[in-house]
Amino acid sequence: MLAFHEIALDDKEMVDRYFYRYGENSCQHSFVSLYCMQRKYGDQICERDGCLHILRAHRSSAQERVYLFPMGERDCMRQAVELLRQDAHAHGAALRFETLTRAAAQLLSELFPGEFVIEPCRDYAEYLYTHGKLADLPGAEMASKRHDISTFFRDYGSCTRIETISPEHLTPIRAFQEAWLEAKNHGQEDVQLECENLAIQRGLDHFEALGLSGIVVFIDDVLSGYAYGAPLSKDCYDVIIEKGDRRYPDIYRVLNRDLVRRCCGDYAWINREEDVGAPGLRKAKMSYKPDQLLEKFIAREAVVR
């Protein structure tokens, strides 16, 4: 069986090497995601024979053992998938892959014809935009967004300052996040929000080590919003978190644009991640007219050997 271990900060260099080369700019192929979302996914990793294997322990069950598609050279993929199948069967479970890209789904179908049921999963498709689309909001289709930002700065510009996140900002960000979560929860625990909050706290605890960068927005010297992300490759930046005080209309428009302007100058593409089927989130992401929708698939064994 494959010897999986819980991901640690010391694994970042190795994991990034695979993701930068084979990750196809997917936000699921992010060390930050693996490390910070431990409570939700329970990701564990194993490097073997030039391939990276990722087990989603908290997504697995007695019936199915869940993995991301292995990372490595194409000619290693048959053996890599077989190793995962053996690992799943050794635990009495069927093999299941989640969030495959179209390229990975096609390769799986070619290597194992008829052995996997492969289905599209629109809720996990990822929204990619060119840098210029989000930094400049060009053309008539983005006119309303430019207007919203102009309105924000007309109303609050004289008392607003935007800064790049540095160590002294981390404590006030934590305080803002705590207040934001309390207001959002309305006194009742939301499991998804709690998982996200733990991921944020873990990210803030290791901000520099994780290679994160971002911005904070102060209004009347009070921190009123923050956003941060990290590179997925030399060409693509992943926007991971945006939180704003909705008492200030259009603050999310400002966070969206100014994070890209200040932190993403070296990246041609911006990944704003998936909408997980939330109608409001889907509408918001589609309103920015994505330049690419990175399709995602789920694959499960058709017949368990």
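**Note on buried charge, strand pairing and pockets**

1. At 10% relative accessibility, Arg96 counts as buried, a term kept here for residues under 20% relative accessible area, with exposed meaning over 50% and partly exposed in between, for a 1.4 Å probe and protein chains only. The model is a predicted one, in which local features need pLDDT of at least 70 and side-chain atom pairs count only at pLDDT 80 or more, while totals for chains, interfaces and linings use all residues. Residues are numbered from 1 along each chain as its sequence is written, and side-chain values use heavy atoms, with hydrogens and water left out.

2. The side chain of Arg96 meets that of Glu64 in a salt bridge, at 3.4 Å from N to O; the term covers a side-chain nitrogen of Lys or Arg within 4 Å of a carboxyl oxygen of Asp or Glu. Because Arg96 lies in strand 5 and Glu64 in strand 4 (residues 64-71), the pair ties together parts that are 32 residues apart in sequence. Helices (H or I, at least four residues) and strands (E, at least two) are DSSP runs, numbered from the N terminus. Salt bridges that share partners join Arg96 and Glu64 with Arg59, Glu98, Glu119 and Arg300 into one network.

3. The side chains of Asp16 and Lys12 form a salt bridge at 2.6 Å, N to O; both residues lie in helix 1 (residues 12-22), four residues apart, or about one turn of the helix, and both are buried.

4. Strand 14 (residues 296-301) is largely enclosed by the rest of the structure, because five of its six residues are buried. Four bridges join strand 14 to strand 5 (residues 94-101), and the two run antiparallel, with Thr101 standing opposite Lys296. Strand 6 (residues 116-120) is joined to strand 14 by five bridges, again in antiparallel fashion, and here Ile118 stands opposite Ala299. Pairing of two strands requires that DSSP finds at least two bridges between them.

5. An open sheet of seven strands has the order 8-9-10-11-12-7-13, with mixed pairing. Its edges are strand 8 (160-164) and strand 13 (292-294), each of which pairs on one side only. Neighbouring strands of this sheet are turned by 25 degrees against each other on average, direction ignored; axes are lines fitted to C-alpha atoms, for helices over the stretch in contact, and angles run from 0 to 180 degrees between N-to-C directions. Within the sheet order, strand 11 (residues 236-244) and strand 12 (residues 269-271) run parallel and are joined by three bridges, and the bridge partner of Asp238 in strand 12 is Asn271.

6. The largest nonpolar core has 65 residues, and those with the most contacts inside it are Val15, Ile45, Leu52, Tyr226, Tyr228 and Tyr237. Helix 10 (residues 251-263) gives the most to this core, with seven residues.

7. Strand 4, strand 5 and helix 5 (102-111) each supply at least two residues of the lining, and helix 5 gives the most, with five residues.

8. Most residues other than glycine have a negative phi. Glu24, in the loop between helix 1 and helix 2 (31-36), has a positive phi of about 55 degrees although it is not a glycine, and at 38% relative accessibility Glu24 counts as partly exposed. Asp250, in the loop between strand 11 and helix 10, has a positive phi near 70 degrees and, at 25% relative accessibility, counts as partly exposed.

Key: A nonpolar core is a set of buried Ala, Val, Leu, Ile, Met, Phe, Trp, Tyr and Cys residues joined through side-chain atoms within 4.5 Å.
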